[in-house]
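Student: I would like to understand the salt bridges here. Could you walk me through them?

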Amino acid sequence: MRRVSRLSQVAVAVASLALAASACGKTSSEASQEEGGKEKDSGTSSSYKGKGIGLAYDIGGQGDQSFNDAAYAGYTKARKEFKIGGVDMEPGDGESSADKVQRLEQLANQGYNPVIGVGFAYAPAVEAAAKKFPKTTFGIIDDNTVKADNVAGIVFHDEQGSYLAGVAAAKASKAKHVGFVGGVDIPLIHKFEAGFVQGVKSVDPKIEIEKRYLTEKPEEGGFSSPDKGQNAAGGQIEAGADVIYHAAGLSGQGVIQEAGSQKKWVIGVDSDQYKHKALAKYKQYILGSALKDIGGAVYDLTKSVVEGDPRTGERRYDLKSGRLGFSDSNPRYRAMKDVVAAVEKAKQDVISGKVKVRTAP
């Protein structure tokens, strides 16, 4: 199925999505996979009766080169492998919780299963929609507070991947001075900071660490403002940092741009940001990324629903699960054998339980 760009969405002639597009935010994909006016043979379990996956993005939307794009990767993989339809939807500007509820309910009402909210902000909406559509499986990324038989709370030990980022930063730093940029000052992002700082200090307790949160609340643009990320990175580099790790969603593009422009190392988050075309100009300075396989989690949940055995309840991923890690795509990183070895040792120490990573600064 072809993608629908943001500029051409109005041309999508899929009647079943008209209400969703007007009331619930922008639509990024067509609703179903058709050939000759009929659904293609899905090749799925005979018990699966859904139309496909319903994916609702968080702040920043598809194209953030990070959190939302990681979810999209799993969405596309599952659709291709199981030959099912799907629709992915953008958040509206300044939308309310009621808008999120309406978006999820529209997806469920149209027959999508599972319906997945990308981000903790969807918790109230998932709770409301799950009650109204008990036969639909709902998933929510980065939240495990919604307790219902048809809800999967998909959470990650973000602190563990960030610990590896801290080890890599400390080993790569020549100035013995590194930085952390968090998108929003909330407990979820505190886990990234805590793991990163512990990783840095495990290499050298004397290394200086700059810390900056872009906003106090998500609606203030902490996850969706590259200019804020760029300014924060610039300040940390001016203060002496030569490696910066960000956990800031779309704002992280600004962090990468600034660090790359000043020829300083930067560490990405969630997806392998070295591979993103939009960041290609700066990729030689992307040391690596603290991987958080949101796409794999989206795929896992979809697979379970398609196979007729939905994996609901808390679904927690850690380094041992293989859904967290540190990317090694940059040849310059792989050439630093001591850094690679230190990161691998740190990974094994966490998996074995030798190292317990803190979840709060």
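Tutor: Happy to; we will take a few pairs one by one, and please keep in mind that this is a predicted model.

Student: What makes R103 and E95 a salt bridge?

Tutor: Their closest N and O atoms are 2.5 Å apart. The cut-off is within 4 Å, so the pair qualifies as a salt bridge.

Student: Why is R103 called buried?

Tutor: R103 has 0% relative accessibility. Buried means under 20%, so R103 counts as buried. E95 comes to 16%, which is also under 20%, so E95 counts as buried.

Student: How do you know that K292 forms a salt bridge with D158?

Tutor: The closest N and O atoms of K292 and D158 are 2.9 Å apart, and the limit is 4 Å, so they form a salt bridge. This pair links distant parts of the chain: K292 lies in strand β12 and D158 in helix α5, 134 residues apart.

Student: Are K292 and D158 buried or exposed?

Tutor: K292 has a relative accessible area of 3%, and D158 has 2%. Both values are under 20%, so K292 and D158 are buried.

Student: Why is R316 called partly exposed?

Tutor: R316 has 38% relative accessibility.

Student: Which residues do shared partners join into one network?

Tutor: D142, D158, K191 and K292 are joined by salt bridges that share partners.

Student: How many salt bridges does the count come to?

Tutor: The count comes to 12 salt bridges.

Note on methods:
Residues are numbered from 1 along each chain as its sequence is written. This is a predicted model: local features need pLDDT of at least 70, side-chain atom pairs count only at pLDDT 80 or more; totals for chains, interfaces and linings use all residues. Side-chain values use heavy atoms; hydrogens and water are left out. A salt bridge is a side-chain nitrogen of Lys or Arg within 4 Å of a carboxyl oxygen of Asp or Glu. Buried means under 20% relative accessible area, exposed over 50%, partly exposed in between (1.4 Å probe, protein chains only). Helices (H or I, at least four residues) and strands (E, at least two) are DSSP runs, numbered from the N terminus.
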